[in-house]
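Me: I'm new to reading protein models. Could you help me see how the labels are decided?

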Amino acid sequence: MQQFDLIIIGGGILGTAHAWHALEKGLKVLILERDNYPLGATVRNFGQVVPSGLADKWFGYGLTGLALYKSIQAKGDISVRHNGSVYIASDEDEQLLVHELKAHYDHIGYQAQLLSATEVQQRYPAIKPGYAREALFFPQEISVEPDKMIHRLHAYMKETYNKLQIIYYTPVSSIKETNGAVTVNQQFQANKVIICCGHEGKLLYPDVFSNSGQVVSKLQMLRTIPMPELQLKGNILTGLTIRRYESFATYCPSFNKIKTPHHYEELKKWGIHILFKQATDNSIIIGDSHEYAPIHQSDDLGFHTNHYINELILEEASHIINIKGRQIAACWNGYYAQHNENNIFEHDLTPQIHIRTGIGGKGMTAGAGYAKESVDLLYGN
């Protein structure tokens with residue numbers, strides 16, 4: 001039986017980040033990934049690393065993750081691009097919120113820059129002049145390519161740490177603890193196991209997951225054909241995002257006072273807020289929407305893509321950039337688990353077996369920072 005200090009179940013960004021910080025402590029680590037490679041939320045997102053959208057301790061986790069990505073990129077290419085993030089305000093209420101958020105970040109010393117409508121046009125000529133009233137720019141933020149980053153990160157970690165093993169195509173169906181040692185799939189043994197299983201709540205401890213308070217969010221996203229004529233550097237976040245993200249909700253005194261314009265009502269019904277990110281091939285990722293179900297009823301969300309939701313996304317996107325339906329090359333669903341009260345699901349089954357999952361849409365930005373604290377608490381600083 002192969003022996004490890006720590007076994008991590010799940011090779012997405014949250015499990016991988018836990019492995020990273022454990023390896024930094026000198027531990028011998030095994031990652032077991034259910035699929036041939038990660039297929040969940042880690043690869044089905046925008047790849048935007050935006051601490052500016054987070055609040056409280058999650059903002060701090062985002063800063064830790066931002067620094068970690070940059071430090072790794074300096075040693076090996078994991079697809080990091082340093083083009084910043086911008087929130088584009090399309091009306092007076094959204095302008096008010098970006099000013100209030102800037103005041104907060106000025107107070108804590110996180111660099112933020114207001115852009116006039118003219119400056120938005122100069123920096124992002126693909127944005128339609130009629131949309132942008134003003135914008136808030138965060139120059140230190142980054143993006144990664146979600147279909148490349150986790151693969152490159154795994155490869156880099158395997159080259160860097162001789163105490164790491166990653167085994168793919170290995171669903172975990174059995175975890176048993178005996179005398180303080182944990183045996184997984186009757187093949188691997190460790191002192192501790194951390195379960196970072198994304199929205200999968202059926203294979204292991206289904207009763208725990210059913211009663212966890214987690215919900216699963218189903219997202220829809222689209223990708224255009226390569227469009228080099230539209231230059232959209234960095235993370236592009238728009239008015240609906242300003243009206244949704246937790247940093248605005250937490251730090252902007254006017255957030256709960258502004259009204260929803262009539263033309264936003266149907267979009268908000270489906271949890272739609274419009275984001276753009278141009279990939280390295282010049283295609284543009286557009287999204288997204290949010291539908292929810294309890295984790296034990298996540299099958300009710302269905303496997304289909306709702307054409308009506310895609311049309312709503314595309315119609316709103318077309319008011320912001322010049323995009324048409326025939327330019328869409330692909331669309332897909334993504335699924336992630338989240339805990340609406342605690343922002344993450346933490347459950348210790350025993351002193352040796354720990355569940356850390358349900359990080360929601362914050363995983364790419366804050367997962368690495370959260371995982372550092374998680375590992376520090378389990379093993380000591």
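Reply: Happy to; here are a few labels from this predicted model, each set against its cut-off.

Me: Why is the contact between Asp-106 and Lys-102 called a salt bridge?

Reply: The label needs a side-chain nitrogen of Lys or Arg within 4 Å of a carboxyl oxygen of Asp or Glu. The N to O distance here is 2.7 Å, so the pair qualifies. Both residues lie in helix α3, 4 residues apart, about one turn of the helix.

Me: Why is Lys-102 called buried?

Reply: Buried means under 20% relative accessible area. Lys-102 has 17%, so it counts as buried.

Me: And what makes Asp-106 partly exposed?

Reply: Its relative accessible area is 44%. Exposed would need over 50% and buried under 20%, so Asp-106 falls in between.

Me: What makes Asp-299 and Lys-202 count as exposed?

Reply: Exposed means over 50%. Asp-299 has 57% relative accessibility and Lys-202 has 52%, so both pass that cut-off. Their side chains also meet in a salt bridge, at 2.9 Å from N to O.

Me: How many salt bridges does the structure hold?

Reply: There are 14.

Notes:
Residues are numbered from 1 along each chain as its sequence is written. This is a predicted model: local features need pLDDT of at least 70, side-chain atom pairs count only at pLDDT 80 or more; totals for chains, interfaces and linings use all residues. Side-chain values use heavy atoms; hydrogens and water are left out. Helices (H or I, at least four residues) and strands (E, at least two) are DSSP runs, numbered from the N terminus. Buried means under 20% relative accessible area, exposed over 50%, partly exposed in between (1.4 Å probe, protein chains only).
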